[in-house]
Amino acid sequence: MSKKRRFTIRSKILLGYLVVVLLFGAVLLVLSAQIDASQKEIDFISHHDLEVHNLTNAIEKNVLNMETGQRGFMITGEESYLEPYNQALTQWNSNYAELYELVSDNPSQQMTLETIKTHIVRWIDVAGSASVALKRQGDQDKVIEFFHSDPGKGEIDLLRSEFENFRNTELRLTESRVTELAARSSTLLTIMYTLWAAVAGLSVAAALVISGNIVKTLREVKHTISDISQGGNLTQRIIVRTQDEVGDLGKETNLLLDTVQEQNRLKDQVASIATLLQNPASLEGLSRLFLNQVAILLEAPYGVLYAMKENRLIRVAAYAADGEKERSLGKVSVAPGEGLVGQSAIEKRVLQMNDLPQNYIRISSGLGDASAASLTVAPVVFEGKTIAVIELASMKQIEPKETKLLTELIEIFGVSLHSTVTRMELQHLYDESQVLNEELQTQSEKLQAQTEEMVSQTEELHMQTEELHMLNERLEMQKNAAETSASELAEVADQLRTSSGYKSEFLANMSHELRTPLNSMLILSEILAENKHQHLNSEEQKYASVIHASGKDLLNLINDILDLSKVEAGEMEVDLDDVYLGTLPEAMNQYFLKTAEQKGIDFRIQLQSPLPETIVSDEMRLHQILRNLLSNAFKFTNEGEVALTISRVSLSNPETNGAETDVIAFSVSDTGIGIADNKLLQIFDAFKQADGATARKYGGTGLGLSISQSLANLLGGSISATSREGQGSVFTLFLPLRREEPEVMQNSRLFLNEVAVTAPETNKSSGENSTNVEMLLTPLEESLLNGRQVLVVDDDIRNVYALANALEQYDMKVITAQNGYECLEMLESGEANPDIILMDIMMPELDGYETTRQIRERLNLKKLPIVALTAKAMKEDRDKCIAAGASDYISKPLNMKEVLSRMKLWLSHETLGI
């Protein structure tokens, strides 16, 4: 059958327009002919008739000029009157010839003109030339006689009559021509309207035919699309009648219906599978159900599904295999990056292989077996993380639409798989936490009651202490009441001893109340971690191990808090042993991998070669420092990444004249909020954070970095910090490869550059001094203290000596005052001009409170730093010192590390103009 000629809509429209154009062309030709005829008629009227009238008037005027000139000459005899006569005599004949030519188409008018010519010639002969000759002859009598007889008058009268007849005839002819022209114009208008109606009718007919042909198919397409949008009958198809674009639209609409039907079928299949995936409660059951449905839907005879567990892909389900065959179908576990399965998990994309080699995969049945032709490996990705991989083998190549269907099913399966795993984990954790929460709730209630009782006793003790202070002032003025005052002081001393006993009892009770639930949690978690009855899988067993390890860390932390006096005295013991660096990534992942997933940030641990296999240190303290640094990084990072990098670096050691020493650097970097430059000096102080807003937003006590720095010092290392506000921070822990002997380590530390503002510096003159004070300042920090004048106000000469001996090691100028009055005199006289004052509170005559108030108010030294020193350690004592005007507060016994830290802080404020 020959192919039909394609007649497109464009061709139809162009043909319609061509017909309209041709019709308009014919109309224009007819109108043009009529207009040309009318124009010729108008030109004839406007030129011929007007010229005839003009020449008629010109000839008549010539006759009148000849008659007027002849009469004037006859009367006056002057030759000047003959000029009009002579001009008219020469002109009338030429005008006559032109007029005669113009009326050549009208013989009757020519005859009239010949009559007019005869009369003019006769008048010239009889009256014109004869009278002029008589006048020139001077015969007056003949002239008079000529006038009396007037032979030319009759000719003139006849001329007027002939001219009148000629004009009337021409006027009638002109009127007839105008009437004929009007009739022709009316006919032209009729023709124009008739042709316009014909063209319009043909155009409308052509438009109706073409549009009807187009609209009919479009209307069918509209109804079909309406059925699609309303969910109506999708089996109806459009009948294509034309071979144009409308026909193409009908064909494409039919293809669209086929596609929509196919998509609806796939959606129904996806929906049914999604409904089935909501029921299973176990990972294996869910995986097996999904694999069966996918294999049936895609006609894949063989299939294996791997689930991600502990950074490995474990086979959890197989299709078309039973018993021993199922165990042999696919590897039991696959590492990320191993084979196509592992590579698909890393790249997070579908991998397909076609035209597989013979015997690559044998698909068997009861009757025989054959080789698979196509292999498809698809990852199951949830929130950017691969949680499973499915591998399918087929006898034919999987089509793109089937691949798309597989992708949609995998997305649904990923959500169901994650929900199932999460639900199982939450249920397990909920069961455990429910028991522990009940125990902790009971213990917390008991501890709260004891705390409230202690607060009440402390308030009573404070009131008694105030009364004692007032009593002491009265005893100074009343010497006769000394015995009574002594007894009262003894009573107050007994109360203070009782208060101290309360504190000891509170700490003991707190330790007991916290240890009791912790002990239960440790025992239960240890039993779960051992998993003797094999009730838990490996991941759940790891969770129990993490809970047990966290409980032990918390118990160790409680022990450290209770041994606070040992920490402040620097007597905390460390357990030095070989620490394997290769185990650190796994340990840190157990603590923080879940946190990274919950916050949606990347967490990576990198070991940079070369690294020793082990270092000598305290593993528990090292883990405690790293956990604290990583916890801070995750706390202050909302997006980006947190990284732990372990590397081997070389640092210069001043103790060996700048020789480089190899150390291990544990760098924790983040892309969090960062720290301002002017805050880096204080974040390692106890109870200090970058600012108040940070504490309110992120929480925390501000003890973590201070404890970490102390632990780093115990391990013979140090911590440095660099940061840029708004971009992130880097905290680096430096530890030696081998811990030196304790007596050597007392005066030996790792030294950092000045940018490591938190790293301490060894006292170069430690060998020359007998003091046990540890130097904890960098060269930059020492520069803040060198040459500064310190006024120590204390009535106890032992305290004065100890402080002076410690501070002079930093080239500070120490001056002393025995009481408040001496201090005020030295300041008022100008004898002392200190940069900072260390003020003891309990002094005779004028105590530290009043001395501080007078320095602020009477001497008007508002900006001079004053650090209060007192043996009282109650919260209200600190508040009272700050209210009196002190800049800071330190309780006795003094820790020189804390004293130097506070002095460095306030002197740096003064230097920076804060």
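Predicted model: local features only at pLDDT ≥ 70, side-chain atom pairs only at ≥ 80, totals over all residues.
I'm counting a residue as buried when its relative accessible area is under 20%, and as exposed when that is over 50%.

**Helix H21**

I looked up H21, residues 820-829, and asked which of its residues are buried. I got Gly 820, Cys 823, Leu 824, Met 826 and Leu 827. Looking down the helix axis, I found these buried residues within an arc of 165°, so they line one face of H21.

Next I checked what the buried residues of H21 pack against.

Then the ends. At the N-terminal end I have Asn 819 as the cap of H21, with a side-chain oxygen 3.1 Å from the backbone nitrogen of Tyr 821. Just after the helix, I see Gly 830 with a positive phi of about 85°.

**Second largest pocket**

I moved on to the second largest pocket, which holds about 2200 Å³ of space. I count 48 residues in its lining, and nearest its centre are Lys 385, Glu 539, Leu 593, Lys 594 and Glu 597. Among the elements giving two or more residues to this lining I wrote down strand E8 (385-394), helix H12 (538-562) and helix H14 (584-599). Which element gives the largest share? It's H14, with 10 residues.

Key:
Residues numbered from 1 in each chain as written. Heavy atoms only, no water. Buried < 20%, exposed > 50% of the residue type's maximum accessible area, 1.4 Å probe, protein only. Helix = DSSP H or I, 4+ residues; strand = E, 2+ residues; numbered from the N terminus. Arc of directions from axis to C-beta. Contact = heavy atoms within 4.5 Å. Polar contact = N/O pair within 3.5 Å; in protein donor to acceptor, adjacent residues only side chain to side chain. 1 Å grid on protein atoms, 1.4 Å probe; cavity = no way out; pocket = protein on both sides within 12 Å on 5 of 7 lines; lining within 4 Å. Points joined across faces, edges and corners; volume = space filled by probe spheres on them.
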